[in-house]
Number of protein chains: 2
Amino acid sequence: MPQQTAPPGRRDRKKQQTRQALIAAALRLVDERGLDHVTVEDIAEAADVSPRTFFNYFATKDEAITGDQFVDDHETRERFLRVPREVPTVRALLLALEPLLTVMEADHELWLLRFRVMDANPALIAGLIGRSAAVERELVTAIALRLGVSPEDTYPQLTAAVAGAALRTAVMRWAAAGGTPSLVELAREAFDLLAHGLTDPTPTIKDNR
Amino acid sequence: MPQQTAPPGRRDRKKQQTRQALIAAALRLVDERGLDHVTVEDIAEAADVSPRTFFNYFATKDEAITGDQFVDDHETRERFLRVPREVPTVRALLLALEPLLTVMEADHELWLLRFRVMDANPALIAGLIGRSAAVERELVTAIALRLGVSPEDTYPQLTAAVAGAALRTAVMRWAAAGGTPSLVELAREAFDLLAHGLTDPTPTIKDNR
DNA sequence: GTGATTTTTGCAGGCCGTGCAAACTTTTAT
DNA sequence: ATAAAAGTTTGCACGGCCTGCAAAAATCAC
């Protein structure tokens with residue numbers, strides 16, 4: 001084997017191009033007009049393909065906008081299980097997620113737009129969360145496995161759900177703020193708050209540790 | 001005013017009847033055949049109304065199954081704000097939610113079936129969560145108000161999202177277990193874990209406080 | 001009973017998403 | 001180069017969800 005990844009031929013290049021065009025068109029149009037005033041036909045037209053082709057790339061209109069998977073279940077699970085056992089679960093989850101966040105920040109242009117559009121069209125958030133339910137289920141078993149408890153226990157299920165919520169919050173805040181505090185920082189802040197039991201903040205006085 | 005609630009006439013009684021019939025039909029059919037193998041027409045037929053009438057009662061097929069609102073935003077918000085300031089936020093949220101859970105337990109037959117059906121048809125969960133996003137937004141402002149911080153801060157947003165996740169977990173576990181540990185107990189367990197920072201459980205040895 | 005109000009229903013229509021088979025393009029082998 | 005194989009795009013037909021509108025039917029108020 002000369003190289004692990006064979007150089008993609010013209011065919012795959014064209015596919016990627018079409019995919020990008022569809023995503024870009026979808027985001028632009030929905031950003032301009034709102035979700036309800038954009039049809040799949042509009043998107044296909046703007047990307048210069050037939051409406052039928054749209055569905056060769058995405059199972060749903062929403063998927064072109066939100067992205068099919070915003071965390072890769074398998075990779076994340078693996079990374080989580082590789083974290084040394086001494087590290088507490090919540091911290092281990094953060095560590096397992098961080099590479100992902102870094103990748104998103106590298107593509108911040110795309111993701112900021114995506115989340116801005118989602119924020120403006122709440123119907124999309126449901127779909128996003130729904131799709132992340134698959135990841136959550138993976139996480140439940142991974143957490144249970146790592147701790148040696150049953151996946152039916154409260155702890156794994158609660159922790160997976162809560163971590164998902166924390167991640168979502170961090171990402172939405174990142175997008176709302178336009179990307180100024182880094183996503184990794186925001187996530188760390190969220191997970192730290194979690195690990196401290198969400199103790200109430202003191203309004204006026206800031207306690208630095 | 002002789003009484004606060006005027007006795008409902010035949011008209012309102014019939015409406016309630018139709019509504020119940022539609023919900024019951026929807027749940028029964030989807031439970032039997034799965035979400036994809038039940039059409040609105042089927043449900044309407046089983047409830048003995050026209051398909052068009054179905055949409056006079058529910059905005060969506062899913063809504064007849066999941067219920068339009070599984071927590072009442074306004075009531076919960078009020079209750080939350082009435083909890084004395086000394087009570088920490090997480091605990092106050094639990095207190096504000098408990099009456100709701102009690103109501104659900106009173107109707108456990110309906111709710112257990114509902115959540116069983118949702119568990120079997122993940123597409124429904126997305127919708128459920130999506131609809132609870134409205135509640136979450138209410139909670140964010142309520143938490144911020146109570147603490148005297150900005151609704152843009154991390155704490156209110158994170159806490160609202162996390163509380164929602166914890167509530168959802170409790171309810172799903174309650175349904176999965178068939179209602180044996182009481183819903184209120186499960187919710188308390190979840191919120192206690194939250195307040196303790198999700199510290200890792202010890203697998204074999206149980207520590208009772 | 002009569003008229004006003006509300007609910008139900010049918011109808012037409014737009015959009016989403018899918019299966020299928022024909023046309024087309026790229027790749028592979030000769 | 002040429003032909004066969006493999007993969008992609010497209011059109012067509014169809015079922016299902018959901019909406020607006022106006023006519024018909026039921027209920028209510030007098």
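Helices here are DSSP runs of H or I with at least four residues, strands are runs of E with at least two, and both are numbered from the N terminus. What we have on the screen is a predicted model.

I'll start with chain A. Its secondary structure comes to 10 helices and 0 strands. If you read along the sequence, the pattern is α-α-α-α-α-α-α-α-α-α. The C-alpha trace of chain A spans about 55 × 55 × 35 Å along its principal axes. The chain has 209 residues, and buried ones make up 45% of them. Now take the contacts in chain A with a separation of 6 or more: residues 24 or more positions apart account for 65% of those.

Next, how the two chains meet. How many residues does each chain put into the contact? Chain A gives 39 residues and chain B gives 39 residues. The size of an interface is often given as the accessible area lost when the parts come together. Between chain A and chain B, the buried area is about 3,100 Å², and carbon and sulfur atoms give 66% of that.

In a salt bridge, the side chain of Glu136(A) meets that of Arg168(B), at 3.5 Å from N to O.

Which elements of chain A give two or more residues to the side that touches chain B? They are helix 6 (89-106), helix 8 (122-147), helix 9 (154-176) and helix 10 (183-195). Helix 9 of chain A gives the most, with 12 residues. By class, that side of chain A has 21 nonpolar, 10 polar and 8 charged residues.

Now the interior. In soluble globular proteins, nonpolar side chains tend to be buried together. The largest nonpolar core in this model has 141 residues, and those touching the most other members are Phe70(A), Phe115(A), Phe191(A), Phe70(B) and Phe115(B). Take Phe70(B): leaving aside neighbours within four places in sequence, its contacts include Leu100(B), Met104(B), Trp111(B) and Phe115(B).

Arg79(B) sits in helix 5 of chain B, residues 73-82. Is Arg79(B) buried or exposed? Arg79(B) counts as buried because its relative accessibility is 18%, and the cut-off for buried is under 20%. Beyond its neighbours within four places in sequence, Arg79(B) is in contact with Ala96(B), Pro99(B) and Leu100(B). Leu100(B) is also in contact with Phe70(B).

Conventions:
Residues are numbered from 1 along each chain as its sequence is written. Chains are lettered from A and ligands numbered from 1 in the order in which they are written. This is a predicted model: local features need pLDDT of at least 70, side-chain atom pairs count only at pLDDT 80 or more; totals for chains, interfaces and linings use all residues. Side-chain values use heavy atoms; hydrogens and water are left out. A nonpolar core is a set of buried Ala, Val, Leu, Ile, Met, Phe, Trp, Tyr and Cys residues joined through side-chain atoms within 4.5 Å. Buried means under 20% relative accessible area, exposed over 50%, partly exposed in between (1.4 Å probe, protein chains only). Contact means heavy atoms within 4.5 Å. Buried area is the accessible area (1.4 Å probe) that two parts lose on being put together, summed over both. A salt bridge is a side-chain nitrogen of Lys or Arg within 4 Å of a carboxyl oxygen of Asp or Glu. Ala, Val, Leu, Ile, Met, Phe, Trp, Tyr, Cys and Pro count as nonpolar, Asp, Glu, Lys and Arg as charged, and the others, Gly among them, as polar.
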